[in-house]
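This briefing is for a reader who has the sequence and the coordinates at hand. It goes through the structure topic by topic.

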Amino acid sequence: MADDKKLTPRASDFSAWYNEVVLRAELADYAPVRGCMVIRPNGYGIWERMQHALDGMFKATGHRNAYFPLLIPQSYLHKEAQHVEGFAPETAVVTHGGGKELEEPLIVRPTSETIIYSMFAKWVQSYRDLPLLINQWANVVRWEMRTRLFLRTLEFLWQEGHTAHATHDEAEEETRSILGIYREFMEKWMAMPVVTGLKSENEKFAGALRTYTLEAMMQDNKALQAGTSHNLGQNFAKAFELKFQSEEGKEEFAWNTSWGVTTRMVGALVMTHGDDNGLVTPPKLAPIEVVIVPIWKTDDEKARLTENADRIAKTLREWGGRGEDQLRVHVDARAGMRAGEKYYEWELRGIPLRLEVGPRDLAANQCVLARRDTREKTTASLDGIAGTVGALLERMQGAMFAAARERREAHSVREPMTYDKFRELMEGDGAFVYAGWNGDPAVEVKVKEETKATIRVLPDPEFRSPSAPTKCMVTGEPAKVEVMWARAY
RNA sequence: CGGGACGUAGCGCAGUCCGGUAGCGCACCUGAAUGGGGUUCAGGGGGUCGCGGGUUCAAAUCCCGCCGUCCCGACCA
């Protein structure tokens, strides 16, 4: 009977566990259209905090928000050869409007390079108009065959940055700089470690010169691409006649970058930190950081405890320890519910800290603090409670990142291994496997067919092994580069 | 689009083989006792059994057609 209330344990069926957490923590729900998802207030609250943090980082680096249309003439998609090849199969097409067949079908944007660079071409004449640094928060549609809540839906929310520069080097610097912003966000806010670096030719964005990626490890040891930053070279500038007159008076094509992160990050958060009791949210992204649960028996106590809970909430909110950033506190004074039932509910929703206060605590001028990440309970004096709570939340943020990184390292392999061993590992627990590669795309295709694993990233120097691998794991030929292999979502 | 499974209350399911008044658990509503980790008892509301047709005195159940969903593959932030 009680089993109905329990979650599927993570270890027994990770996918079922994930779905249950998303649905039961009320992050999202299935929509009537297959593959689409409704993001509920609990889930949107987390997304909003993500948006806010990222938006601040983009603005601080000179980017400005704009908005471009949902509908794009189909011919635009065809102007960049690789781009159309990559996206045409998964675009939704509008063929009718106003009851009539359209002369030219419109596509629902799967991404906005084409429409944005066609506009950039009108806006840019001189090198003085560059760099042009634009971001948009929008929804896009990609007609995926198989979908998963947050990780892959037909329609999703994202931010897509698009920039134009006068030189290749400046565009490359922008691409890397954005990768740094994403990394900082994922590590500091999401408490989620990532491996950064370059995508292989097979895996890069359709139409890009180079694609940089951030790869995170989920708790089933599979990789999730958490964000990308592309150096588009002059591919789109040439397709859309995005030209400018240089300081020397010459006509030149601009250099573009594009980059994005999506609501997939909400799914990543669940899969990185969640446990058998549900969601665990890092304090910085939690719409509610502290839930106060007053405990009472009699009506008399109820009035007294509720009043004191409100008073504690006020003390927490008025604490100035984080400057303008007020502690986000909720008091759960619902009647007719046992305290234990409330605890399970808030744990399922991932609220970082629970503050319990009952008659006995009040008499002793103390309360109980229960951490969501470790589920440890301690008692704390009500004197200076705001400072105690503020400091604890900050420690938790750091502890969650450390724990996630430790877990990832425990499932990362850097020792040279045979291809047979690798196959065995991928069939079993899975891992991030760092190994040498001869640089041949055919090897990557073969490995994908045989093991479902792909080259997730050509890691940046700080993620590479202390001594560079000398041989290709698959062919035994001399290695051209170190790569990280894993199965991915 | 290929292979498999399934559509019965908000959710999870039994009932279908062998036709005979629509069931169970959770959730929801009312009342009481309980109350520091999912409490208990009593009462109650809620269903065109995916849709359409056929067989039959009688269909959730048998037959035909359609629709939809999920899982495995190909695709992907």
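This is a predicted model: local features need pLDDT of at least 70, side-chain atom pairs count only at pLDDT 80 or more; totals for chains, interfaces and linings use all residues.

Residues are numbered from 1 along each chain as its sequence is written, chains are lettered from A and ligands numbered from 1 in the order in which they are written, and side-chain values use heavy atoms, with hydrogens and water left out.

**Surface near RNA strand B**

- RNA strand B is surrounded by 36 residues, where a residue is near the strand if one of its heavy atoms lies within 4 Å of it.
- The closest of these residues are Arg 146, Arg 152, Arg 264, Arg 354 and Asp 361.
- Of the atoms of RNA strand B that come within 4 Å of the protein, 39% belong to sugar and phosphate.
- By class, this surface holds 20 charged, 11 nonpolar and five polar residues; Asp, Glu, Lys and Arg count as charged, Ala, Val, Leu, Ile, Met, Phe, Trp, Tyr, Cys and Pro as nonpolar, and the others, Gly among them, as polar.
- At least two residues of the surface come from each of α10 (339-348), β17 (353-357) and α11 (359-363), and α10 gives the largest share, four residues.
- Helices (H or I, at least four residues) and strands (E, at least two) are DSSP runs, numbered from the N terminus.

**Polar contacts to RNA strand B**

- A polar contact is a pair of N or O atoms within 3.5 Å; within protein, one must be able to donate a hydrogen and the other to accept it, and residues adjacent in sequence count only if both atoms are side-chain atoms.
- Glu 144 places a polar side-chain atom 3.0 Å from a sugar or linking oxygen of RNA strand B.

**Nonpolar cores**

- A nonpolar core is a set of buried Ala, Val, Leu, Ile, Met, Phe, Trp, Tyr and Cys residues joined through side-chain atoms within 4.5 Å; buried means under 20% relative accessible area, exposed over 50%, and partly exposed in between (1.4 Å probe, protein chains only).
- The largest core has 48 residues, and Met 50, Phe 185, Met 186 and Met 190 touch the most other members.
- Elements giving two or more residues to this core include α1 (14-24), α6 (168-189) and β11 (223-233), while α2 provides the largest share, seven residues.
- Met 50 is in contact (heavy atoms within 4.5 Å) with Phe 185, Met 190, Met 265, Val 266, Leu 269 and Leu 285, leaving aside its neighbours within four places in sequence.
- Another core, of 25 residues, lies apart from the largest one and has Leu 77, Phe 87, Phe 120 and Ala 164 among its members.

**Sheet**

- An open sheet of 11 strands with mixed pairing runs in the order β3-β7-β8-β14-β11-β10-β9-β22-β23-β21-β20; two strands pair if DSSP finds at least two bridges between them.
- β3 (64-65) and β20 (412-413) each have a single partner strand and stand at the edges, so one side of each is left without a neighbour in the sheet.
- In strand β23 (residues 481-487), six of the seven residues are buried.
- β23 runs antiparallel to β21 (residues 432-437), with five bridges between them; Trp 437 is partnered with Val 481, and Ala 435 with Val 483.
- β23 also pairs in the antiparallel sense with β22 (residues 453-459) over four bridges, with Arg 487 as the bridge partner of Ala 453.

**Loop residues**

- Thr 281, in the loop between α8 and β15 (290-294), counts as buried because its relative accessibility is 2%.
- The side chain of Thr 281 reaches the backbone oxygen of Gly 350 at 3.1 Å, and residues that Thr 281 touches include Ile 46, Leu 269, Pro 352 and Met 400.
- Ser 126 sits in the loop between α5 (113-123) and β7 (132-141) and counts as buried at 17% relative accessibility.
- The side chain of Ser 126 comes to 2.7 Å from the backbone nitrogen of Arg 128; leaving aside neighbours within four places in sequence, Ser 126 is in contact with Phe 244 and Gln 245.
- Glu 248, in the loop between β12 (243-245) and β13 (251-253), counts as exposed because its relative accessibility is 61%.
- Glu 248 and Ile 288 are 40 residues apart along the chain, and their C-alpha atoms are separated by 56 Å.
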